[in-house]
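Let us take a friendly walk through this structure together. Have a look at the sequence and the model, and then we can start with a single side chain.

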Amino acid sequence: MDTIAAISTAMGEAGIGIVRMSGKESLSIASNVFKGKTIENFKEAINRRLTYGYIYDPEDGTIVDEVLIVYMKKPHTYTREDIVEIYCHGGVIAVKKILEILLKNGARLAEPGEFTKRAFLNGRLDLSQAEAVIDLIKAKTDKSYSVSLNQLEGSLSIKVNEIRKILLNMLAHIEVSIDFPEEDVEEVTYDELLKDSQKVLEEIDKLLSTAERGKILREGLNTVILGKPNVGKSSLLNAILRENRAIVTDIPGTTRDIIEEYVNIEGIPLKIIDTAGIRDTEDLVEKLGVDRAKNVVEKADLIIAVFDASRSLTKEDEDIINIVKEKRSIVLLNKTDLPNEYDVEELSNYIPDKKIISTSIANGEGIEELEKTIVDMFYSGEVELSGEAIVTNMRHTDMLNRARKNIIDVISGIEMNVPLDCIEVDVKNCWNHLGEISGETVSEDILDKIFSEFCIGK
Ligand code: GDP
């Protein structure tokens with residue numbers, strides 16, 4: 001594999017920047033462009049010891065920056081290859097110049113995620129762990145961070161491998177029965193297979209039951225605030241933003257080149273969708289018939305619908321009530337400080353099974369209850385996340401669903417006394433689908449897709 005290089009720190013004004021190189025030429029490229037204060041030839045660098053000196057352009061001898069540099073000898077490195085890291089001045093120019101010089105001297109610009117991809121290909125991480133690295137970088141709250149960290153430590157891989165072990169055992173049993181087809185062996189086999197399959201199904205279901213929470217932790221709870229003009233939506237948004245740290249993330253280099261805003265509500269990243277649209281909600285409500293607005297509502301995990309108690313219900317309110325009935329939503333009856341046209345009880349006639357909170361957003365009343373309701377909804381009585389495996393990734397959920405279908409086919413095959421070699425096919429498929437989570441049975445284009453979501457330099 002060729003030697004790759006990239007800027008590993010974010011571009012912008014900063015104290016230091018890091019340029020990283022991985023591959024067998026790392027040391028020799030570095031020694032061509034580095035002059036140490038104490039080491040004449042960087043090829044003599046001591047493994048993992050920082051060296052002070054200058055990066056220069058060997059072509060004309062000009063000095064580019066004053067740096068610290070370290071050589072990390074394989075295999076005990078992130079990529080399992082030789083790595084050189086250069087700690088230079090921050091800002092945009094120094095890192096760029098140093099990168100250019102490395103490229104001019106034989107390194108190739110790394111693709112997004114290529115360092116981590118090498119770590120995976122060289123067996124340092126399995127695929128779900130590599131994916132956890134992206135999630136760690138992109139984590140929005142402490143909780144999503146700690147779930148990713150668990151996954152990086154292998155919590156998901158361990159669970160998936162346990163299930164695959166049962167499947168492997170089943171395959172071995174089937175082989176034996178096919179090779180020695182005496183009547184009684186076969187019967188025992190069917191019994192054992194059924195027991196094992198049920199255990200596999202149970203374990204897959206356990207993992208899948210965490211998937212919704214996992215997705216929200218990873219991607220945020222897509223939230224839309226709906227209400228006719230002047231009910232208090234902007235005031236609500238501001239109140240939420242004021243009380244909770246807003247996290248703005250910028251996702252460069254992906255197809256979704258947009259700024260996303262998250263609010264951290266007790267560890268739950270609330271992603272307020274299309275804030276611009278919401279600030280301009282007359283639009284949104286009017287255009288509810290229009291596809292784009294419909295999409296926004298459809299994509300939402302949570303609708304917060306705001307009604308104004310000081311004005312009677314209108315046709316626009318009815319439209320919103322109809323949406324609220326269909327979706328997971330929390331209803332706010334706002335402006336309860338003003339003389340009221342109707343109350344919670346009346347509103348609940350239209351939406352009997354939704355929680356209605358009476359608020360006076362202008363006075364900060366009811367916001368806390370709203371937040372508590374969101375948190376309760378999210379955890380819905382479940383215990384705090386700890387070291388358990390949580391499925392946060394759509395790809396993993398997809399594979400688990402496929403494996404689930406396979407094992408259900410196995411179970412019904414056994415119940416119908418289908419020949420063992422037919423059952424074997426489904427067991428194998430189940431085993432393979434689970435293997436895609438850890439990357440043991442994954443195809444090249446899926447790998448490319450996964451790593452392309454990384455930032456460059458990781
Ligand atoms: P939006 O059009 O839905 O975004 O509504 P705004 O948040 O802009 O609020 C419209 C008006 O209602 C503003 O003048 C707010 O100050 C006011 N308002 C919002 N919430 C309350 C409330 O709970 N009580 C009262 N009395 N006024 C409120």
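Is phenylalanine 451 buried or exposed? Phenylalanine 451 is buried, because its relative accessible area is 2%, and buried means under 20%. Please keep in mind as you read on that the model is predicted.

From here we can turn to the aromatic rings. A pair of aromatic rings is described by the distance of the centres and the angle of the planes. There are four aromatic pairs in this structure. One of them joins phenylalanine 34 and phenylalanine 42, whose ring centres are 5.2 Å apart with 70° between the planes. That pair is edge-to-face, because planes over 60 degrees apart are counted that way. Phenylalanine 34 is buried, with a relative accessibility of 1%, and phenylalanine 42 is buried too, at 1%.

Phenylalanine 451, where we began, pairs with phenylalanine 120. The centres of these two rings lie 6.3 Å apart and the planes meet at 35°, so this pair is tilted. Phenylalanine 120 belongs to helix 3 (residues 114-121), while phenylalanine 451 belongs to helix 18 (residues 444-452), so the pair ties together parts that are 331 residues apart in sequence. Phenylalanine 120 also counts as buried, because its relative accessible area is 12%.

Lysine 35 lies over the face of tyrosine 56, at 4.0 Å from the ring centre. Elsewhere, tryptophan 431 has the charged end of arginine 164 over its ring, 4.0 Å from the centre.

Now let us follow the backbone. Most residues other than glycine have a negative phi, and most peptide bonds are trans. Against that background, a few places deserve a look. Lysine 74 and proline 75 are joined by a cis peptide bond, with omega at about 5°. You can find proline 75 in the loop between strand 5 (63-72) and strand 6 (83-89).

Arginine 80 lies in the loop between strand 5 and strand 6 as well. Arginine 80 is not a glycine, yet its phi is positive, at about 70°. With a relative accessible area of 32%, arginine 80 counts as partly exposed. Another positive phi, near 65°, belongs to arginine 48. Arginine 48 sits in the loop between strand 3 (34-36) and strand 4 (51-56), and arginine 48 is partly exposed at 47% relative accessibility.

What kinds of residues line the second largest pocket? Four are nonpolar, one is polar and six are charged. The lining includes Glu131, Arg218, Glu219, Arg395, Lys449 and Glu453. Ile134, Met394, Ile446 and Ile450 are also among the lining residues, as is Asn393.

Conventions: Residues are numbered from 1 along each chain as its sequence is written. This is a predicted model: local features need pLDDT of at least 70, side-chain atom pairs count only at pLDDT 80 or more; totals for chains, interfaces and linings use all residues. Side-chain values use heavy atoms; hydrogens and water are left out. Rings of Phe, Tyr and Trp (its six-membered ring) pair if their centres lie within 6.5 Å; planes under 30 degrees apart count as stacked, over 60 as edge-to-face and the rest as tilted. Buried means under 20% relative accessible area, exposed over 50%, partly exposed in between (1.4 Å probe, protein chains only). Helices (H or I, at least four residues) and strands (E, at least two) are DSSP runs, numbered from the N terminus. A charge sits over a ring if NZ of Lys or CZ of Arg is within 6 Å of the ring centre and within 35 degrees of the ring normal. On a 1 Å grid over the protein atoms alone, a cavity is a set of points where a 1.4 Å probe fits but cannot get out, and a pocket is an open set with protein on both sides within 12 Å along at least five of seven lines; lining residues have an atom within 4 Å of a point. Ala, Val, Leu, Ile, Met, Phe, Trp, Tyr, Cys and Pro count as nonpolar, Asp, Glu, Lys and Arg as charged, and the others, Gly among them, as polar.
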